[in-house]
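Here is a short briefing to read alongside the structure. Keep the view open and follow the helices as you go.

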Amino acid sequence: MLRDITIGQYYPADSILHRLDPRVKFIGTLAYIISLFLFQSWGYLLGTLFLVVMIGLSKVPFKFMVRGLKSIVILLLITLVFNMLFTPGEALITVWKLQITKEGLILAGRMGIRLIFLIIGASIMTLTTTPNQLTDGLESLLGPLKKIHVPVHEISMVMSIALRFIPILLEETDKIMKAQMARGADFENGNLIQKVKNMVPLLVPLFISAFRRANDLALAMEARCYHGGDGRTQMKPLRYKKRDYIAYLILALYFGTSILGAVFGF
């Protein structure tokens, strides 16, 4: 299960999406997520087509990309069940006091598609963008907030460190689980309470390892005289290129079509 979590992971490849400016990918991901909530029916075909094209351009294996969906299966099932059972409308199936309505099925289908597409769309951004690029792109986009004294650089740095720590802690968790299982620990069998008790031998060394790594990082930053973003420059400053402007144009056409679809109800 831990190997199925793709959040924070970067997949190296030579693709058009990998070479795009991170600001383009930030704005494109935000536009795509918003468009998912604008579609009503046939508009989902446009969203599906756009997502398929982006997956193809990213050169990231489809199996690797959808692997991250395994971690949200329970959330997806809960969303579908609640929408089917608690949405009023024309009853199709009645079991005791519970009803599955036609409107509930439609809403559950829409919510399921939105959640799956949202996860895959966000994964494309993280899989094709290094943590450093994500940090630089976010800091650049939030730059105007510096005028009202928002600590933009610090926020970007926290995001970068968090993204870097996710795969590290997952790998550390996997190592600890294998070590504990070699000593006879059982993380699979038993009821819910027993499984929670079995997690104690895993959580204690994991927290100790996380605090140790955080302390080492703080000492390393202090030894290098890091004092925040004031007066700091970038080794590779972000500059838009021709392909980035073309990407913006395609995004504008896609998002404009999505708005028209919302207005005309498709």
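This is a predicted model: local features need pLDDT of at least 70, side-chain atom pairs count only at pLDDT 80 or more; totals for chains, interfaces and linings use all residues.

A search of the whole structure finds 5 salt bridges, and the largest nonpolar core holds 25 residues. Helix α8 runs over residues 152-182, and helix α11 covers 242-264.

**The largest nonpolar core**

- Among the 25 residues of this core, the ones touching the most other members are Tyr 32, Phe 50, Leu 51, Ile 55, Met 65, Ile 120 and Ile 124.
- At least two core residues come from each of α2 (22-36), α3 (43-58), α4 (62-66), α6 (102-127) and α11 (242-264).
- Which residues does Leu 51 contact, leaving aside its neighbours within four places in sequence? Leu 51 is in contact with Tyr 32, Phe 117, Ile 120, Gly 121 and Ile 124.

**Helix α11**

- This helix has 23 residues and reaches 33 Å from its first C-alpha to its last, close to the 33 Å expected at 1.5 Å a residue.
- Its buried residues are Asp 244, Ala 247, Leu 251, Tyr 254, Ser 258 and Gly 261.
- Those buried residues pack against α2 and α3.
- Gly 265 follows α11 and has a positive phi, near 75 degrees.

**Helix α8**

- The 31 residues of α8 should span 45 Å at 1.5 Å a residue, and this agrees with its end C-alpha atoms, which are 45 Å apart.
- Where in α8 does a kink lie? A kink of about 25 degrees is found at Phe 165, shortly before the proline Pro 167.
- Just after α8, Gly 184 takes a positive phi of about 105 degrees.

- One of the salt bridges joins the side chains of Glu 171 and Lys 175, at 3.7 Å from N to O.
- Glu 171 and Lys 175 are separated by about one helical turn because they sit 4 residues apart in helix α8.
- Glu 171 is partly exposed, with a relative accessible area of 39%.
- Lys 178 and Asp 174 also meet through their side chains in a salt bridge, at 3.4 Å from N to O.
- Lys 178 and Asp 174, too, are 4 residues apart in helix α8, so about one helical turn separates them.

- Arg 213 forms a salt bridge with Glu 172, and their closest N and O atoms are 3.1 Å apart.
- Because Arg 213 lies in helix α10 and Glu 172 in helix α8, the pair ties together parts that are 41 residues apart in sequence.
- Arg 213 counts as partly exposed at 31% relative accessibility, while Glu 172 counts as buried at 15%.

- Leu 219 lies in helix α10, which covers residues 200-223.
- Leu 219 is partly exposed, because its relative accessible area is 47%.
- How far apart are the C-alpha atoms of Leu 219 and Ala 252? They are separated by 45 Å, with the two residues 33 places apart along the chain.

How values were computed:
Residues are numbered from 1 along each chain as its sequence is written. Side-chain values use heavy atoms; hydrogens and water are left out. Buried means under 20% relative accessible area, exposed over 50%, partly exposed in between (1.4 Å probe, protein chains only). A nonpolar core is a set of buried Ala, Val, Leu, Ile, Met, Phe, Trp, Tyr and Cys residues joined through side-chain atoms within 4.5 Å. Contact means heavy atoms within 4.5 Å. A salt bridge is a side-chain nitrogen of Lys or Arg within 4 Å of a carboxyl oxygen of Asp or Glu. The expected span of a helix is 1.5 Å times one less than its number of residues. The bend at a residue is the angle between axes fitted to the seven residues ending there and the seven starting there.
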